[in-house]
Amino acid sequence: MSEAIPSLERSVHAKNWRLVLLGALAVAGVLVLGALILIQQRTDLERDRAIALQQHSFEVILRANQLTGGIASAEAALGRYVVSADRNLGQQYSDQWGKAGEQLQRLRQLTGDNPTLFAQVRQLQRVFAERGKELDATALYTTFKRNSDAFGAYYQVRESPARKQVESILDDIVEQERRLLRDRTRAAAQLIENSSYASRVLSGFGLVIALGAVVFGWLAIEAQGDRALADADAAWERERTGQLREAVAAATAQLREEAREREVAEAKLRQAQKMDAVGQLTGGIAHDFNNMLAVVLGGVELARRQIESDPREAARHLDNAMEGAHRAAALTRQLLAFSRSESLAPEPVDAGALIRGMRDLLDRTLGDAIRVEAQDRGMGWRIWVDRHQLENAVLNLAVNARDAMNGRGTLVITTGESRLAANEVGHCAAGDYVSVAVRDSGCGMTPEVLERVFEPFFTTKPVGKGTGLGLSQIFGFVRQSGGGIAIETAPEAGTTVTLYLPRYKGALTGAVAAPVLVEAAEDKAGDSYDILVVEDDPRVLAATLAALRELGHRAVGCADPLHAPTAIASMASLDLVMTDVLMPGQTGPEMIAAVEATLHGVAVLFVTGFTGEASAEQLRDRPVLRKPFTVAALSRAVREAVAGEAQRMGQAAE
């Protein structure tokens with residue numbers, strides 16, 4: 001009994017020792033298990049964070065490359081626009097550049113977490129804006145048909161510092177993000193390796209513990225299972241990364257396909273916009289011509305009624321009709337100048353005297369409810385411009401002001417002098433300028449309207465009430481004359497449009513007179529000539545023959561240029577061939593070239609309203625009479641053509 005007690009005590013002591021050991025092993029196993037769980041959770045969190053950072057880097061690189069492609073697409077569209085002068089390509093350039101700006105904004109959002117890249121993106125935004133100004137200036141040259149300047153500007157901006165700086169910044173951003181991506185990839189790999197090593201050590205320790213305590217064996221198995229699960233997760237993440245790359249490639253292909261489809265849709269939209277612009281232009285021109293034809297028809301009708309009872313009043317109405325016809329011809333010249341089919345004819349002009357000479361025209365055009373004030377604050381400075389284009393510009397501004405005032409208010413036209421610094425107004429060089437300011441008390445313009453005010457075909461007037469060409473023509477005329485335009489406006493505060501034109505310091509070739517609206521009748525006295533008139537329009541042919549015979553010339557008509565050689569051969573004497581330029585079957589220059597061998601000493605006078613494709617070489621420096629023409633202009637043209645031919649013959653004989 002006494003021996004059994006020590007044995008029992010030893011057994012209990014051994015059992016207690018085993019329990020203590022088992023408890024210690026259990027505690028150690030719990031600690032090992034806890035350590036494994038913590039390491040696994042930390043590994044998962046760091047792995048997820050590393051993958052998120054890698055995806056972020058991929059997105060930054062992808063966005064930077066898309067921005068590079070967008071800028072290249074915009075510059076390519078600008079190049080096509082400069083070459084073709086197609087306004088639709090100009091719109092495509094504007095759209096591409098806008099999309100590139102959106103890509104840049106998204107890139108800025110993506111780099112907000114990286115101060116270094118964020119600072120570079122802000123610098124890129126500034127350089128991108130400078131690059132946009134260079135490209136916009138090139139596009140403006142093409143918009144206003146200054147093709148040679150557009151080509152020069154385009155090739156110049158292709159190698160501009162702004163472009164190189166944009167490319168350098170983008171390359172630097174991509175390279176930095178790639179280095180960051182490599183560092184993050186290495187850090188993630190190192191983290192996984194360290195975590196795996198720690199897991200192996202702890203798992204080994206757990207296995208040792210499991211050898212001492214079977215009760216903790218299942219813990220070691222579970223830890224091993226957890227490690228296997230972690231490896232499976234890593235493999236799944238690697239597979240997911242591959243799938244992400246494939247998804248990026250598929251998305252890129254889809255974007256390219258969508259871009260092609262978008263180009264087709266944009267082509268259809270451009271066609272619709274083109275037709276809308278043509279309709280707007282047609283309606284506006286019809287409106288303006290109807291106004292002028294109303295003046296012509298009204299004057300002729302009133303003259304017919306009073307030609308017997310009051311000849312003076314009838315003559316006044318005929319003068320009004322002639323003035324309306326001259327304004328219609330001026331509108332035609334304006335349209336031709338806008339399309340660059342008729343060049344400017346500059347001369348020294350006193351702006352103050354020109355405005356004073358337009359007072360009667362402005363009063364009749366704007367109506368009695370508009371009070372016109374002309375203020376000349378200049379110092380007698382003159383400008384070198386096309387008088388008719390300046391008149392049209394002032395008249396267009398006055399009509400716009402009338403519409404803004406709803407036909408009632410005060411219009412102030414002020415001429416003055418200004419000394420401008422470089423680029424103080426638009427792209428004007430530093431120097432002396434004559435200013436012509438047109439101020440109204442109308443409704444003013446909103447900032448949205450002011451941004452588009454110089455766009456061709458843009459108008460806030462109803463369909464048929466304006467072409468949308470007025471301010472764009474004025475802009476092109478002023479830029480072509482070396483000046484600039486400034487606009488001050490606000491809603492319900494009126495508008496002031498100021499034209500700045502360079503001061504002319506050269507010698508005057510003659511007095512600067514006020515514009516003459518109706519030409520004086522031509523004196524019939526003078527030499528009589530034998531003239532052949534080639535004109536396919538029977539009404540124009542009959543009117544021209546009647547005018548020549550009224551002037552005392554012997555005129556013969558020919559309605560078909562192909563019959564002109566026969567008509568020339570049948571005439572006993574011939575001093576002048578007067579021919580239209582554009583005719584069916586054969587043009588005037590082609591007809592003259594065919595019979596030139598038989599025209600020794602015979603003068604040639606071309607008559608046209610639009611020379612079309614006829615170049616100066618085809619016209620061979622022969623004089624040109626523009627349609628419509630007066631009898632006085634016809635008489636002068638005939639005399640000058642014959643005299644010019646006689647002078648050339650005399651020089652050839654010497």
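Here are a few exercises, each with a worked solution, on the predicted model shown above.

**Exercise 1. Get your bearings: find out how many helices and strands the protein chain has, and what share of its residues is buried.**

Solution. Start with the secondary structure: the protein chain has 17 helices and twelve strands. Next, look at burial. Of the 654 residues in the protein chain, 39% are buried. Finally, check the contacts: among those with a separation of 6 or more, 74% join residues 24 or more positions apart.

**Exercise 2. Work out how helix H3 runs relative to helix H4, and which residues meet there.**

Solution. Two packed helices are described by the angle between their axes and the distance between the axes. Let's take both in turn.

- Step one: H3 covers residues 115-143 and H4 covers residues 147-158, and their axes come within 8 Å.
- Step two: the axes cross at roughly 160°. Angles over 145 degrees count as roughly antiparallel, so H3 is roughly antiparallel to H4.
- Step three: the crossing of H3 past H4 is left-handed.
- Step four: on the H3 side you'll find Arg-131, Glu-134, Leu-135, Thr-138, Tyr-141 and Thr-142, and they meet Asp-149, Ala-150, Ala-153, Tyr-154, Val-157 and Arg-158 of H4. Sorted by class, this contact has six nonpolar, two polar and four charged residues.

**Exercise 3. Zoom in on Glu-134 and decide how exposed this residue is and what it touches.**

Solution. Glu-134 sits in helix H3. Its relative accessible area is 23%. Buried would need under 20% and exposed over 50%, so Glu-134 is partly exposed. Now for its partners: setting aside neighbours within four places in sequence, Glu-134 is in contact with Val-157, Ser-160 and Ala-162. Take Val-157 from that list: 23 residues along the chain separate Glu-134 from Val-157, yet their C-alpha atoms are 6.5 Å apart.

**Exercise 4. Track down the largest nonpolar core and follow one of its residues, Leu-411, to its contacts.**

Solution. In soluble globular proteins, nonpolar side chains tend to be buried together. Here the largest nonpolar core has 35 residues, and those with the most contacts inside it are Ile-383, Leu-390, Leu-411, Ile-413 and Leu-499. Helix H10 (residues 387-404) supplies the largest share of this core, with seven residues. Then pick out Leu-411: leaving out residues up to four places away in sequence, Leu-411 touches several others, including Leu-366, Ile-370, Val-372, Ala-398, Met-405 and Val-438.

**Exercise 5. Decide whether Thr-544 is buried or exposed, and name its contacts.**

Solution. First place the residue: Thr-544 is in helix H13 (residues 538-550). With a relative accessible area of 6%, Thr-544 is buried. Beyond residues up to four places away in sequence, Thr-544 touches Val-533, Met-578, Phe-629 and Leu-634.

**Exercise 6. Look at the phi angles of Asn-423 and Glu-492, and say where each residue lies.**

Solution. Most residues other than glycine have a negative phi. Now try Asn-423: its phi is near 60°, a positive value. Asn-423 lies in the loop between strand S4 (409-420) and strand S5 (431-440), and at 52% relative accessibility it counts as exposed. Then take Glu-492, with a positive phi near 65°. Glu-492 belongs to the loop between strand S6 (484-489) and strand S7 (495-504). Its relative accessibility is 68%, so Glu-492 counts as exposed.

Technical notes. Residues are numbered from 1 along each chain as its sequence is written. This is a predicted model: local features need pLDDT of at least 70, side-chain atom pairs count only at pLDDT 80 or more; totals for chains, interfaces and linings use all residues. Side-chain values use heavy atoms; hydrogens and water are left out. Axes are lines fitted to C-alpha atoms, for helices over the stretch in contact, and angles run from 0 to 180 degrees between N-to-C directions. Helices (H or I, at least four residues) and strands (E, at least two) are DSSP runs, numbered from the N terminus. Angles under 35 degrees count as roughly parallel, over 145 as roughly antiparallel, 65 to 115 as roughly perpendicular and the rest as oblique. A crossing is left-handed if the near helix is turned anticlockwise from the far one by less than a right angle, and right-handed if clockwise. Contact means heavy atoms within 4.5 Å. Ala, Val, Leu, Ile, Met, Phe, Trp, Tyr, Cys and Pro count as nonpolar, Asp, Glu, Lys and Arg as charged, and the others, Gly among them, as polar. A nonpolar core is a set of buried Ala, Val, Leu, Ile, Met, Phe, Trp, Tyr and Cys residues joined through side-chain atoms within 4.5 Å. Buried means under 20% relative accessible area, exposed over 50%, partly exposed in between (1.4 Å probe, protein chains only).
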